[in-house]
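Subject: A structure for you to look at

Hello,

Here is the structure I promised to pass on. Please open it alongside this email, and I will walk you through what turned up.

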Amino acid sequence: MRPLEDGEQYRFHFNMTKCIGCRSCEVACNEQNGNPASITWRRVGELEGGSYPETYRHYLSMGCNHCLDAECVRGCPVNAYTKDPATGIVLHSADACIGCQYCVWNCPYSVPQFNPERGVVGKCDMCQGRLEEGMEPACVNACPEAAIEIEIVNIAEWRENYATAQSPGMPSAEHTVSTTRITLPELAPELERVDGGHIRPEHAHWSLVFMTTLMQAVAGALAVFLLSHRVDAVRMAVLLALTGIALTLSTTHLGRPAYAWRALKMWRRSWLSREVLLFTLFAMALSAATYFVAARALHHAAFGGRSIAVGWAAAILGIAGTIASAKIYQVPARPSWNMWHTPVDFLLTAGMLGSFLAAALINLPTVAILGGSLLGQQADISGNAGLTLPLVVFSLGWVANHAVRILRLKQSVVFEERASHSLLSSEPLRTRNAISFALVPMAILFFLGGHSVLALMATAAAVLLARYLFFVTVVPLNMGMTFIRARAA
């Protein structure tokens, strides 16, 4: 192969007319990179078409597509991905990776794969070391039919016309401008993925379920306290404790929690970095506001104005962090997340759950437990005056948003969105979804009956169930045969 010239890069060429589905490329890739059988940086999918007795099957082998506009590069919060300027290969640094798995969500081809034993993500690098030594990548070398090759592509020309990157059973190349060239058989338009009726639930990510729910509840409750002028030291301390629990839970999602601080690095372009930054600033502002409120309660009048100003700064940071959280999930590779319902859900959750949390804390007899001198005022146990209307509005809005989202998923022309609805309609997920809906009006009735703590518990259960379903029912863009093989593993 000749040396690369300016404006060129390497790419894969896959010839579907030659592939026999032997999976030698998968085995060779795993042996070359020392991966276990459950992790495949190169995968073989299956496509089928026709009708009996004239049926046919073809195979699709895919590694990393080394895209021109790679989402993994853009979204990584620690800059673990780089696009090599000399070869165009998208490289991943295991040393820099913290195992947040955000790249797994961003890539429309699900190329990056998380290794739980190592705590980091890994992906195909076109066997860069072999290329530098003048050898073919392991998958190319192992294919008995020469169905995989390395080619040189002119970047500008490919960006103008990348039609040959498209294939049945594979996400559209337009998302990231995949550079892989695919030679299709004549009957390609009739091909469909073989596993369209075998969709499996995704991971629940329980740490993220609890973290997002808690942070939204705290941000909403703080805003309610400030708007209703019911700020006191004990309530602020409870919110600060919940924030600490939420941020601690967020690190358990990482494969390498000790390096969580690195996620602040790429705040200029990564929504995950922005979420980390905003919630860190929120925790700091909330800590300062709690200190000022406690100082004011101990008759330090100079802190009175500061407590309100810093409290509002914390509330604004909390709402901004909630929006950043929603933007993390609005990625094209996960269609059922990439809807306007996601930020609306997060903001309504902050309003609804925050209102119930605020009502429960307002009605707790904190003076009797800790003494009035600490609070600087009598505990407001007069009830829920002023909270009823916003609480009911947020609750009904939350229910309506989820109902409209489910209806849109059902009627969508996008396969992945309809598949998400199919998961929601299957047992036991359908029952859990119904329970989530039923708990919200039950919480309102508890609240109107004066049982604020019971109302909070019912609302929290509803939100946690809905957030769990949010994670497990997302159907990512992917290549054919992914669902069956992943389930079997």
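Predicted model: local features only at pLDDT ≥ 70, side-chain atom pairs only at ≥ 80, totals over all residues.

Let's start with helix 14 (residues 388-411) and helix 17 (residues 452-472), whose axes are 13 Å apart and meet at an angle of about 25°. That is under the cut-off of 35 degrees, and helix 14 and helix 17 are therefore roughly parallel to each other. The crossing of helix 14 past helix 17 is left-handed.

A second pair to look at is helix 11 and helix 16. Their axes lie 12 Å apart, at an angle of about 30°, so helix 11 and helix 16 are also roughly parallel to each other. Here, too, the crossing is left-handed as helix 11 passes helix 16. Helix 11 contributes Met-352, Phe-356 and Ala-359 to this contact, and they meet Val-440, Ala-443, Ile-444 and Phe-447 in helix 16.

Now for the aromatic rings. The count comes to 15 aromatic pairs. Take Tyr-329 and Trp-337: their ring centres are 5.1 Å apart and their planes stand at 90°, so this pair is edge-to-face. Tyr-329 and Trp-337 are both buried. Another edge-to-face pair is formed by Phe-356 and Phe-447, with 6.0 Å from centre to centre and 80° between the planes. Phe-356 belongs to helix 11 (residues 341-362) and Phe-447 to helix 16 (residues 429-448), so this pair ties together parts that are 91 residues apart in sequence. Phe-356 is buried, and Phe-447 is buried as well.

There is also an aromatic cluster, made up of Trp-105, Tyr-329, Trp-337, Phe-346, Phe-470 and Phe-471.

Next, is helix 15 enclosed or open? Of the 10 residues in helix 15 (residues 415-424), 7 are buried, so this helix is largely enclosed by the rest of the structure. The buried residues are Glu-416, Glu-417, Ala-419, Ser-420, His-421, Leu-423 and Leu-424. They pack against helix 14, helix 16 and helix 17, so do keep helix 15 in view when you look at those three.

Finally, have a look at Arg-306, which is found in helix 10 (residues 304-329). Its relative accessible area is 47%, so Arg-306 is partly exposed. Leaving aside residues up to four places away in sequence, Arg-306 touches Phe-292 and Gly-311. How far is Arg-306 from His-421? The C-alpha atoms of these two residues are separated by 49 Å, and the residues are 115 apart along the chain.

Enjoy exploring it!

Best wishes

Methods: Residues numbered from 1 in each chain as written. Heavy atoms only, no water. Phe/Tyr/Trp six-rings, centres within 6.5 Å; stacked < 30°, edge-to-face > 60°. Buried < 20%, exposed > 50% of the residue type's maximum accessible area, 1.4 Å probe, protein only. Helix = DSSP H or I, 4+ residues; strand = E, 2+ residues; numbered from the N terminus. Axes fitted to C-alpha atoms, helices over the stretch in contact; angles between N-to-C directions. Parallel < 35°, antiparallel > 145°, perpendicular 65-115°, else oblique. Left-handed = near helix turned anticlockwise from the far one by under 90°. Contact = heavy atoms within 4.5 Å.
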